[in-house]
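Subject: A structure for you to look at

Hello,

Here is the structure I promised to pass on. Please have a look at it first, and then read on for what turned up.

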Amino acid sequence: MPARTTVLLREDVKDHLLRKVGPRGLSDAINEILAKSLFRSRETLFGADPWLNTKGLRDEREAHEDL
């Protein structure tokens, strides 16, 4: 459930946010920025490099491991 609160923004920050998201999207933009800053997800090996992903991975076990 959302909670109402007052946030004091610098004038330049407020102007930039209003131009970027408009007055109706201000709360959502602030929530998104804070969530990214406060709740960083754990980085995995696949998040380290943008070109590195799980697409096309093969099982590289040795043939004798299945015996």
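A residue is called buried when its relative accessible area is under 20%, and exposed when that value is over 50%. Please keep in mind that this is a predicted model.

First, the overall picture. The chain holds three helices and zero strands, and along the sequence the pattern reads α-α-α. Of its 67 residues, 9% are buried.

Next, helix α2, which covers residues 26-38. With 13 residues at 1.5 Å each, α2 should span 18 Å, and this agrees with the 18 Å between its end C-alpha atoms. Leu26, Ala29 and Ile30 are buried in this helix. Looking down the axis of α2, you will find its buried residues within an arc of 95 degrees, so they line one face of the helix. Part of what covers them is α1 (11-21). And what sits on the face turned away from the buried side of α2? That face carries the exposed residues Ser27, Asp28, Lys36 and Leu38.

Finally, the pocket. The volume of the largest pocket is about 410 Å³. Among the residues that line this pocket are Leu26, Ser27, Ile30, Asn31 and Leu34, along with Pro2, Ala3, Arg4 and Leu9. Sorted by class, the lining consists of seven nonpolar, four polar and one charged residues.

Best wishes

Terms used. Residues numbered from 1 in each chain as written. Predicted model: local features only at pLDDT ≥ 70, side-chain atom pairs only at ≥ 80, totals over all residues. Heavy atoms only, no water. Helix = DSSP H or I, 4+ residues; strand = E, 2+ residues; numbered from the N terminus. Expected span 1.5 Å × (residues − 1). Buried < 20%, exposed > 50% of the residue type's maximum accessible area, 1.4 Å probe, protein only. Arc of directions from axis to C-beta. Contact = heavy atoms within 4.5 Å. 1 Å grid on protein atoms, 1.4 Å probe; cavity = no way out; pocket = protein on both sides within 12 Å on 5 of 7 lines; lining within 4 Å. Points joined across faces, edges and corners; volume = space filled by probe spheres on them. Nonpolar A, V, L, I, M, F, W, Y, C, P; charged D, E, K, R; others polar.
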